[in-house]
Amino acid sequence: MYIDFHTHGKLAKKLPFSEEYTHWLFSEAQGAGLDALCLTEHFNTWGFDKLYRFIADHSGREGDTLVFDGLRIFPGMETDIAEGGHILSIGPMEAILELNHRLEPHKEKGKFLPFEQLRDLFDEYPVIVGGGHPYREGGHIPELPEKQLKRFDFFDLNGKDVAEHRAITEKLTFGLGRRFRKPVVGGSDTHQAVQYGCIRTRFEKTCTTVSELYQEMQSGNYEILIADQAAFQVKTANLLKRALKDIHALGGDYVAVLTGKEAANQTVSAVLAQERTRKNAS
């Protein structure tokens, strides 16, 4: 089972949820060689509930996973902490949605929970908790007290950081995992499809529950694969994300542009205009 542990279902937090865009993302994930992904959407993204309702309405349920057109999705969330840093949680959809609702008062900067309080909250639910891109600039996860660092279940070897600084990111992240005897797994951190596959984690078996997945993680029955073109994928993805956000800001339909429908619509409009001109001339 090839899985990506850190992904998003929207282009950006402050853009409206788009069913078409999310469907496009998941279809591209399979094309990039993924069998499964952890959907660790930002806890304060616009339309968090809508995103999961859409997926649930179009998926079958197997254990804790949602199977969307053949792609296995482990529900999850990415949460900011007061100290600075992002915390990944993975669990059954019902647990993730309830946690998201309980975090409603803490979704703005200045109101984020400290890690200790967030972890206490997570401990009430059947979720596993990871440190997302622990050494990215602006984050302070490695500076947390040792007592709190021991409470992580895993750490994220992040595709974006590996693409930019592979040697140092691998050294620091694997070092953190060894220090606290925690698994390190790979996540692309993608918000759009170009970045899928830059890093993948391959398990010997297909898992359908979070407990089963975590057991395999703890047993070390997996390997992390980094694409030769990872740096190019991440750079291209960043450029594409900025361009699509600019299209939206200018009032355009970035989904239609991305999926090619904009070009098709323009072609149809041009043909109709030519036909009207021909009829008027006759």
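Strand 8 (residues 154-158) is largely enclosed by the rest of the structure, because 5 of its 5 residues are buried. Buried here means under 20% relative accessible area, while exposed means over 50% and partly exposed lies in between (1.4 Å probe, protein chains only). Helices (H or I, at least four residues) and strands (E, at least two) are DSSP runs, numbered from the N terminus.

The model is predicted: local features need pLDDT of at least 70, side-chain atom pairs count only at pLDDT 80 or more, and totals for chains, interfaces and linings use all residues. Residues are numbered from 1 along each chain as its sequence is written, and side-chain values use heavy atoms, with hydrogens and water left out.

In a regular strand the side chains alternate between the two faces of the sheet. In strand 8 both faces are covered: Phe 154, Asp 156 and Asn 158 are buried on one side, and Phe 155 and Leu 157 are buried on the other. Two strands count as paired if DSSP finds at least two bridges between them. Strand 8 pairs with strand 7 (residues 128-132) in the parallel sense over 2 bridges, and Phe 154 is the bridge partner of Gly 130. Strand 8 also runs parallel to strand 9 (residues 184-187), joined to it by 4 bridges. There, Val 185 in strand 9 is the bridge partner of Asp 156.

Gln 192 is buried, with a relative accessible area of 2%. A polar atom of the Gln 192 side chain lies 3.3 Å from the backbone oxygen of Ala 237.

Phe 154 also belongs to a cluster, linked by ring pairs, that includes Phe 5, Phe 203 and Tyr 222. Rings of Phe, Tyr and Trp (its six-membered ring) pair if their centres lie within 6.5 Å; planes under 30 degrees apart count as stacked, over 60 as edge-to-face and the rest as tilted. By this rule there are 12 aromatic pairs.

| Pair | Centre to centre | Angle between planes | Kind |
|---|---|---|---|
| Phe 26 and Phe 68 | 5.2 Å | 70 degrees | edge-to-face |
| Phe 54 and Phe 68 | 5.8 Å | 55 degrees | tilted |

Phe 26 lies in helix 1 (residues 19-31) and Phe 68 in strand 4 (residues 65-68), so their pair ties together parts that are 42 residues apart in sequence. Phe 54 lies in helix 2 (residues 48-57), so its pair with Phe 68 in strand 4 ties together parts that are 14 residues apart in sequence. Phe 26 and Phe 68 are both buried; the relative accessible area of Phe 68 is 1%. Phe 54 is buried as well, at 6%.

Helix 8 (residues 210-219) has the buried residues Val 210, Glu 212, Leu 213, Tyr 214, Glu 216 and Met 217. Gly 220 follows helix 8 and has a positive phi, near 75 degrees.

Some residues have more accessible area. Ala 231, in helix 9 (residues 230-249), is partly exposed at 44% relative accessibility. Ile 168 is found in helix 7 (residues 166-180) and is partly exposed, with a relative accessible area of 43%.

Technical notes. A polar contact is a pair of N or O atoms within 3.5 Å; within protein, one must be able to donate a hydrogen and the other to accept it, and residues adjacent in sequence count only if both atoms are side-chain atoms.
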